[in-house]
Amino acid sequence: MNFGKVILGGVIALAAIQLVPYGRNHKNPAVTGTPNWDSPRTQELFDRACKDCHSNNTVWPWYSSIAPVSWLTQIDVNLGREAFNVSEWGRPTENEGEKAAGEVREGKMPMFIYLPAHPAAKLSVTEKDELVKGLVATFGDESVKGKGKGAEKRGADKDKDKD
Ligand code: HEC
């Protein structure tokens, strides 16, 4: 196979997909409501690790305008805002705040794909603990509430297994 042709094909394909306009309109929607944060510290940690996908104050880096990264970031921000948006607090559709602490505790959020380009979002063990406590205080904690009395202990055991 002709390696030069493969490279050229790749360059042409990359150039061609730039013509797809999806994901390049980075106008953030207006802030219509904010939660009652339990402390400035919780908000600070949330801003570092979560706000790009869970608020209308998204910072769009230059590479988020280049396909196919632009498509992926747009999809993540759209889905993230849809599930949980601290800039549209109190909107009539569901806003999954009570799941936030559990997501961080289980290491599901922030999304791993986000971390290499956002080192500030990599929280230390202490910071993660602070954020979980702040999220519980601000939004409640479904992972405990939903499962009755033993849930908190089960949660603690699970954390221990991970360390
Ligand atoms: C790179 C974008 C991104 C970042 C950063 C991010 N999230 Fe998400 N989040 C998503 C997406 C996309 C979804 C919806 C799909 C899913 O549930 O995986 C989501 C879903 C959620 C949900 C709803 C879960 C459910 O089961 O309905 C919560 C709560 C949440 N995220 C909290 C957080 C918290 C807290 C942080 C910061 C520690 C964070 N996220 C960081 C993209 C992100």
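Start at the ligand. Three helices, α3 (51-54), α4 (69-83) and α5, each supply at least two residues of the shell around the ligand; helices here are DSSP runs of H or I of at least four residues, strands are E runs of at least two, and both are numbered from the N terminus. Which helix gives the most to this shell? It is α4, with four residues. Now select C50, C53, G80, M109 and Y114, which come nearest to the ligand of the 19 residues around the ligand. A residue is near a molecule if its C-beta atom, placed from the backbone, lies within 6 Å of it. Colour the shell by type and there are twelve nonpolar, two polar and five charged residues. Nonpolar covers Ala, Val, Leu, Ile, Met, Phe, Trp, Tyr, Cys and Pro, charged covers Asp, Glu, Lys and Arg, and the others, Gly among them, are polar.

A note before going further: this is a predicted model, in which local features need pLDDT of at least 70, side-chain atom pairs count only at pLDDT 80 or more, and totals for chains, interfaces and linings use all residues. Residues are numbered from 1 along each chain as its sequence is written.

Stay at M109 and show the backbone. A cis peptide bond joins M109 to P110, with omega about 0°, and P110 is in the loop between α5 and α6. A cis bond also links A67 to P68, with omega near 5°; P68 is found in the loop between α3 and α4. Most peptide bonds are trans.

Next, select V104 in helix α5. Is V104 buried or exposed? It counts as buried because it has 23 C-beta neighbours inside 10 Å; the cut-offs are 20 or more other C-beta atoms within 10 Å for buried, 12 or fewer for exposed, and in between for partly exposed, with C-beta atoms placed from the backbone. Leaving aside neighbours within four places in sequence, V104 is in contact with M109, K128, L131, V132 and L135, a contact being two C-beta atoms, placed from the backbone, within 7 Å. Draw a distance from V104 to L135: they are 31 residues apart along the chain, and their C-alpha atoms are separated by 9.2 Å.

Click on A100 to find F84, L135 and F139 touching it, not counting residues up to four places away in sequence.

Move to α1, residues 3-17. The count of buried residues among its 15 residues is zero.

Finally, show the whole chain and colour by pLDDT, the predictor's confidence in each residue, from 0 to 100. The average is 90, and 88% of the residues score at least 70. Over residues 147-163 the pLDDT is below 50. Where pLDDT is low, the predicted coordinates should not be read in detail. The chain holds eight helices and zero strands, and 25% of its 163 residues count as buried.

Terms used. Expected span 1.5 Å × (residues − 1).
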